[in-house]
Amino acid sequence: MKTQVAIIGGGPSGLLLSQLLHKRGIESVILERKTKDYVLGRIRAGVLEQGLVKLLEEAGCADRLHAEGIVHDGTLVSSGDTLFRIDFTEHTGTPVIVYGQTEVTRDLYAAREAMGGKIEFNVENVEIHDANSDAPAVTYTVGDQQHRLECDFIAGCDGFHGVSRQAIPLDVRKEYEKVYPFGWLGILSETPPVNHELIYANSDRGFALCSMRNENLSRYYIQCSLSDKPEDWTDEAFWQELKRRIPSEQAEKLVTGPSIEKSIAPLRSFVTEPMRWGRLFLCGDAAHIVPPTGAKGLNTAASDVHYLYNGLRDYYENNSRAGIDSYSQKALARVWKAERFSWWFSSLMHRYPDQSEFDLKMQVAEIEFLRTNEAAQKSMAENYVGLPY
Ligand code: RFL
Ligand code: PHB
């Protein structure tokens, strides 16, 4: 088989890239390790920056997002019982949209299928060949059938545990990593959200986040120990702990109910450099991970797709290599800013096992500065709604 762009990974990065390329007449094939239902069963990000919304519009996949997404003009931050608001629209002129990654992915799959996009599910043993030559290829198996896909370019959109990053030789690749000493326990419940905007809560029992998917579907998280397992936490224990971490006025209003999903995610900051090797381009979680505080994961994947899509367009439409040659540098410049913001916001909001009393005072002082200082609020708002591409 032959195509122009072989895309490894059918998560949001791979699907969005494929759909955008298709709109410009550039052919691609997506290779996905799991089934579509499995991919759609993963509950992940919930907050979309305008940059991602614009890309979804360009991809022709934004109708449901505009009909069902919830516009958020700001967010709440709490420290104990002190609650304050950061106004995104006032400080930046831009809101964010709350619309789940699951729904984005569902819309992208629907669009790809409607246009006859080629997606191979259940692929195994994916191997990248000759990425550093003018004739790269990907081999893989489906069941006991061996396949070979020849292509002009390979997009490695296969997430943190994929194979693409590993295809870049170790003497070329440099990785930067910070692992946080805690995780997030998240639940989804068919209950009305406690508040119409998100609440990021710092408390002496650890971080909590009140988020949502729609008016009757709430997403809540609490900081937990890395050794915890979801089954250690009954729904009742989760709700009790959440109530202790958010301001009492909110805790009293909280509507609880059975969880329909419960999972633990570790927190990590990770970047690999460069994001390109020959004709292989890494995109999204394949190249970088942020802790979820600040909701930058999916949005940073989207900015990679933007740079790669435009680079490939430039190549096919204008016979110019300028865009693909600057891909890694442009993508990384924005990635590192998202890494900084997520690291800063995580450091501000969590309890660390080795935190000294001095460290705690610094956290309190910084939250107080954010509460009272316009410039600090503007800086937070600019980062939260997404820095320009
Ligand atoms: P994905 O979504 O991981 O998709 C990669 C796809 O590649 C497939 N794959 C392979 N396919 C073929 N061959 C192989 N060898 C393959 N190896 C893997 C996988 O099955 C998968 O379908 O990466 P992508 O597309 O770059 O998208 C990135 C986003 O998913 C990610 O940044 C965010 O979801 C991160 N993230 C969150 N971000 C937020 O902004 N807010 C959140 O609340 C939030 N929660 C999360 C998250 C990531 C999590 N992970 C990765 C464990 C919660 C979790 C649990
Ligand atoms: C979510 O709704 O899942 C969510 C929202 C904001 C974050 C992280 C996760 O910072």
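**Ligand 1 and its protein shell**

In this predicted model, a side-chain N or O atom of Arg42 lies 2.6 Å from an oxygen atom of ligand 1. Polar contacts are pairs of N or O atoms within 3.5 Å; within protein, one atom must be able to donate a hydrogen and the other to accept it, and residues adjacent in sequence count only if both atoms are side-chain atoms. Glu32 places a polar side-chain atom 2.6 Å from an oxygen atom of ligand 1. For Asp285, an N or O atom of the side chain is 2.6 Å from an oxygen atom of ligand 1. Taken alone, ligand 1 exposes 1000 Å², and the protein buries 85% of that. Accessible areas come from the Shrake-Rupley method with a 1.4 Å probe; for residues, only the protein chains shown count as cover.

The shell around ligand 1 holds 29 residues, with a residue counted if one of its heavy atoms lies within 4 Å. The closest are Ser13, Glu32, Arg42, Gln101 and Asp285. By class, the shell divides into 13 nonpolar, eight polar and eight charged residues. Nonpolar covers Ala, Val, Leu, Ile, Met, Phe, Trp, Tyr, Cys and Pro; charged covers Asp, Glu, Lys and Arg; the others, Gly among them, are polar.

The protein chain contains 13 helices and 20 strands. These are DSSP runs numbered from the N terminus: helices are H or I with at least four residues, strands E with at least two. The radius of gyration is 21 Å, close to the 21 Å that the globule rule gives for 389 residues, so the chain is as compact as a globular protein of that length. The radius is taken over C-alpha atoms, and the rule is 2.2 Å times the number of residues to the power 0.38. Along the principal axes, the C-alpha atoms fill a box of roughly 60 × 40 × 40 Å. The protein chain exposes about 16400 Å², of which carbon and sulfur atoms supply 49%. Buried residues make up 54% of the 389.

Glu49 sits in the loop between β3 (47–48) and α3 (50–58). Its relative accessibility is 2%, so Glu49 counts as buried (under 20% relative accessible area; exposed is over 50%, partly exposed in between; 1.4 Å probe, protein chains only). Beyond residues up to four places away in sequence, Glu49 touches Lys296, Asn299, Arg334, Tyr384, Val385 and Gly386 (heavy atoms within 4.5 Å).

Residues are numbered from 1 along each chain as its sequence is written, chains are lettered from A and ligands numbered from 1 in the order in which they are written. Local features need pLDDT of at least 70, side-chain atom pairs count only at pLDDT 80 or more, totals for chains, interfaces and linings use all residues, and side-chain values use heavy atoms, with hydrogens and water left out.
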